[in-house]
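Let's take a friendly walk through this structure, starting with a pocket and moving on to the cores.

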Amino acid sequence: MPKPPKALTPDQSLTAYFGFEVRKHREYVKLSQAELADRLHWAKSAVGNLETAFRSPTSDHAKDLDTFFATDRFGWLHGLIIREELPDFFRPFARKEPDAANIRMFEPLVVPGLLQIEEYARALLATDQSPDQLDQAVAARLERQKILHRKEPTPPRLWVVIDAGVLRRQIGGAEVMRKQITHLLTMTERHDVTIQVVPSSVGEYIGLEGGFSILSFDDGADMAYAEAAGGGHMIEQQKDVARTITRFELIRARAVSVDESTRLIREAL
């Protein structure tokens with residue numbers, strides 16, 4: 001007598017709900033786990049691992065399932081799962097980020113997350129993630145970048161200021177940095193992205209206190225997020241947001257021009 005399938009608890013997590021949806025769709029077309037895996041050219045255990053939430057789905061899993069079942073549900077769920085992987089303290093800001101019309105960012109230490117390539121993000125996140133968490137953490141960071149490449153609605157206007165030390169810090173090694181800097185140069189060619197650099201010749205300035213981001217909306221009040229050791233915090237009181245905007249402008253005033261910034265980025269190759 002065949003063993004009954006494991007009971008699912010779709011309300012336990014988004015990953016569990018993803019598995020519940022896989023089983024529901026699979027049973028609707030009357031396929032076994034092995035048969036569905038075969039149709040999708042997956043390992044035999046892959047479907048069972050997803051259905052029981054033993055493994056988190058990848059973007060390829062979601063794409064294959066959406067194609068096979070002619071739906072967009074799995075891609076949508078995967079996006080939610082990825083956002084669930086973001087740190088608790090950052091999620092409220094990340095949820096608002098896609099709605100912003102303008103994003104201003106300052107970063108004194110590393111390339112901002114919206115501009116990181118996968119290898120750079122992986123090297124950076126590996127310092128604080130276990131191997132089984134790393135893939136999802138990297139995917140969560142790259143998922144945020146989709147807002148810069150979407151067609152509808154219009155991508156936000158992005159204005160980034162970085163310290164020159166960001167260009168010299170060897171995250172992931174020389175080859176990863178070469179690719180990362182090349183990506184920054186590519187982004188400078190976009191009409192809706194501005195990158196400026198605070199040069200090494202600037203000594204002390206207010207930006208050395210830490211990085212932050214500011215979101216502005218077509219409808220609604222501005223909000224900000226400030227980084228801190230081991231975490232960060234939202235800034236929503238408008239007087240505090242106004243101070244953060246002033247801080248950004250003071251930092252930007254110490255940066256060189258857009259053209260000169262591009263030259264400094266190119267010199268770092």
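The largest share of the lining of the second largest pocket, three residues, comes from H8. This is a predicted model, where local features need pLDDT of at least 70 and side-chain atom pairs count only at pLDDT 80 or more, while totals for chains, interfaces and linings use all residues. Residues are numbered from 1 along each chain as its sequence is written, and side-chain values use heavy atoms, with hydrogens and water left out.

Helix H5 (73-84) and helix H8 (131-144) each supply at least two residues of this pocket's lining; helices are DSSP runs (H or I, at least four residues), and strands are runs of E (at least two). A pocket is an open set of points on a 1 Å grid where a 1.4 Å probe fits, with protein on both sides within 12 Å along at least five of seven lines; lining residues have an atom within 4 Å of a point. The volume is about 220 Å³, meaning the space filled by probe spheres set on the points. Among the lining residues are Ile 82, Glu 97 and Arg 150. By class, the lining has six nonpolar, no polar and six charged residues.

Now for the nonpolar cores, sets of buried residues joined through side-chain atoms within 4.5 Å, where buried means under 20% relative accessible area (1.4 Å probe).

| Core | Size | Residues included |
|---|---|---|
| Largest | 40 residues | Ile 103, Leu 115, Tyr 120, Leu 158, Ile 265 |
| Second, separate | 16 residues | Phe 18, Leu 36, Trp 42, Leu 77 |

Key: Nonpolar A, V, L, I, M, F, W, Y, C, P; charged D, E, K, R; others polar. Buried < 20%, exposed > 50% of the residue type's maximum accessible area, 1.4 Å probe, protein only.
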